[in-house]
Amino acid sequence: MSSRVGILLAASVCTAVSEATDAYVWNVREGIARDLVTLIAFAAVGLYVREFVTKQETERLHVQALSDENAARIEAEEQLTLLIGNSALSILTMSDDGSVLQANIAAQRMFSGKDEDTQIVGLKIDTLLPSLGRVMARSAEGRNMRTMMQAQGVRFDGEPFLSEVWFSNYSTSLGRRTAAMVVDISEEFRNREESVTEQLLNNSRLAVGAMAHEMRNVVGAIQLVMQSLASDSPVFVQSTNMVAMRELVSTLETMASSQLSYVKRNAAQISLNQFLSELYVVARAILSEYDIELLWDVPQNHPSVWADTEGLMQVFLNLLRNSRSALLHTTNARVRIQSRVVEDRVEITCSDNGPGVADPAKLFRPFQSSRPVTGLGLYLSRAILNSFRGELRFVPKEEGAEFVVELEVVQA
């Protein structure tokens, strides 16, 4: 028995055996004292041996635990080193003075450019990412930071590039350290800017084409007036002013016809389910900031449609912003998005419970200056939809405003 009580019992048994087997005659005066000393001796030895064995076992377990922890740490460090070393992200570790302590292969390649022999380790971070160097200098007071920033980087050959940097700092026994992950977004930024520029050009062509259509309508009306004037006064037909007017009208009609030829149709087959999922995220972000409730009544079984994704998103952004502006002073403001399939068309409805539209007849006329929501935005939105065989129409309601976006279904 390894417990203290067991040791005392064993010591008592040993004392009794010792007393029974020795040559001394037991009496009260000498026997009790002799047995007490023997009991204490046996108990002291037993307790000492117990403590020695216990301490030895504890030390063995502690050494085993340290060994297991060390092995786990080494394995974790190897896995982390392998992960960081082979990561597509550029990962750097800096000391408190901004010196680069560690850099993986991706970081070396990102900053090396054509000069692959130059090593990042040992350089100052402000020579590679000046903005990050300034942030580290301001945070040297001991404040912990964990954030991201967009910054301009500089390669070894002096070539600048745009990057996104996620960084955080922490304390170690050797001082404060900063870890940073860097992503080169130059190509992404360039593609995004080109896409935006292309979209602006397309929308400009659509706006010009739509305006050319209006110009042709006006030209037709002028020609009718001119014919009426000519029938009323034959002399007026031969006048210099009439000849000049005909030339101006003819030139205007030619300009309108040529501008109509610039309109591009970017219709492509798109997944409406995916588009509506993206629209839901965008709509919530636009409306939630103004405490406007979004009612989403959209099933997930839509067919594919003909549309241009960027143009279609711009149409809905315009409708949502119009509703947001109209609902600024409305109690319990809400916007409802609904969709349904009607034969070979998909109808997506955007409605609100705002004050409504005062003059629906002027909604889609260009350059309406009385209200921002009835300016060029709706006119251009309809032109965008028309460019890929869609349509935008207004539905009169007793309360609020309702617009319907119609899209053509892709036939199987």
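**Reading the contacts in a predicted model**

Colleague: How many disulfides does the rule give here?
Modeller: The count comes to zero disulfides, in what is a predicted model. For a disulfide, two cysteine sulfur atoms would have to lie within 2.5 Å.

Colleague: Why is Cys350 called buried?
Modeller: Its relative accessible area is 2%, and buried means under 20%, so Cys350 counts as buried. Cys14, by contrast, has 34% relative accessibility, which lies between the limits of 20% and 50%, so Cys14 counts as partly exposed.

Colleague: What makes Glu51 and Arg50 a salt bridge?
Modeller: Their side chains meet at 2.9 Å, N to O, and the cut-off between a side-chain nitrogen of Arg and a carboxyl oxygen of Glu is 4 Å, so the pair qualifies. Glu51, at 31% relative accessibility, is partly exposed, and Arg50, at 22%, is partly exposed as well.

Colleague: How many salt bridges does that rule give?
Modeller: The count comes to twelve salt bridges. One of them joins the side chains of Asp184 and Arg155 at 3.0 Å, N to O. That pair links distant parts of the chain, with Asp184 in strand E5 and Arg155 in the loop between E3 and E4, 29 residues apart.

Colleague: Why do Asp184 and Arg155 fall into separate accessibility classes?
Modeller: Asp184 has 30% relative accessibility and counts as partly exposed, whereas Arg155 has 13%, which is under 20%, so Arg155 counts as buried.

Colleague: Which parts of the chain does the salt bridge of Glu406 and Arg345 link?
Modeller: The side chains meet at 3.5 Å, N to O, which is within the 4 Å limit. The pair links Glu406 in strand E12 (residues 402-409) with Arg345 in strand E10 (residues 345-352), 61 residues apart. Salt bridges that share partners join Arg340, Arg345, Glu347, Arg393 and Glu406 into one network. Glu406 itself, at 14% relative accessibility, counts as buried.

Colleague: How do you know that helix H3 is largely enclosed?
Modeller: Six of the eight residues of H3 (residues 105-112) are buried, so the helix is largely enclosed by the rest of the structure. The buried residues are Ala106, Ala107, Gln108, Met110, Phe111 and Ser112, and what covers them includes strands E1 (90-95), E2 (100-103), E3 (146-154), E4 (160-172) and E5 (175-184).

Colleague: What makes Tyr280 and Trp296 edge-to-face?
Modeller: The ring centres are 5.0 Å apart and the planes are at 65°, so this pair is edge-to-face. Tyr280 belongs to helix H8 (residues 272-288) and Trp296 to strand E7 (residues 293-297), so parts 16 residues apart in sequence are tied together. Tyr280, with a relative accessible area of 31%, is partly exposed, and Trp296, at 25%, is also partly exposed.

Colleague: Where does the charged end of Arg155 sit?
Modeller: The charged end of Arg155 sits over the ring of Phe161, 4.3 Å from the ring centre, within the 6 Å limit. Elsewhere, Arg389 lies over the face of Trp306, at 5.4 Å from the ring centre.

Methods
Residues are numbered from 1 along each chain as its sequence is written. This is a predicted model: local features need pLDDT of at least 70, side-chain atom pairs count only at pLDDT 80 or more; totals for chains, interfaces and linings use all residues. Side-chain values use heavy atoms; hydrogens and water are left out. Buried means under 20% relative accessible area, exposed over 50%, partly exposed in between (1.4 Å probe, protein chains only). Helices (H or I, at least four residues) and strands (E, at least two) are DSSP runs, numbered from the N terminus. Contact means heavy atoms within 4.5 Å. Rings of Phe, Tyr and Trp (its six-membered ring) pair if their centres lie within 6.5 Å; planes under 30 degrees apart count as stacked, over 60 as edge-to-face and the rest as tilted. A charge sits over a ring if NZ of Lys or CZ of Arg is within 6 Å of the ring centre and within 35 degrees of the ring normal.
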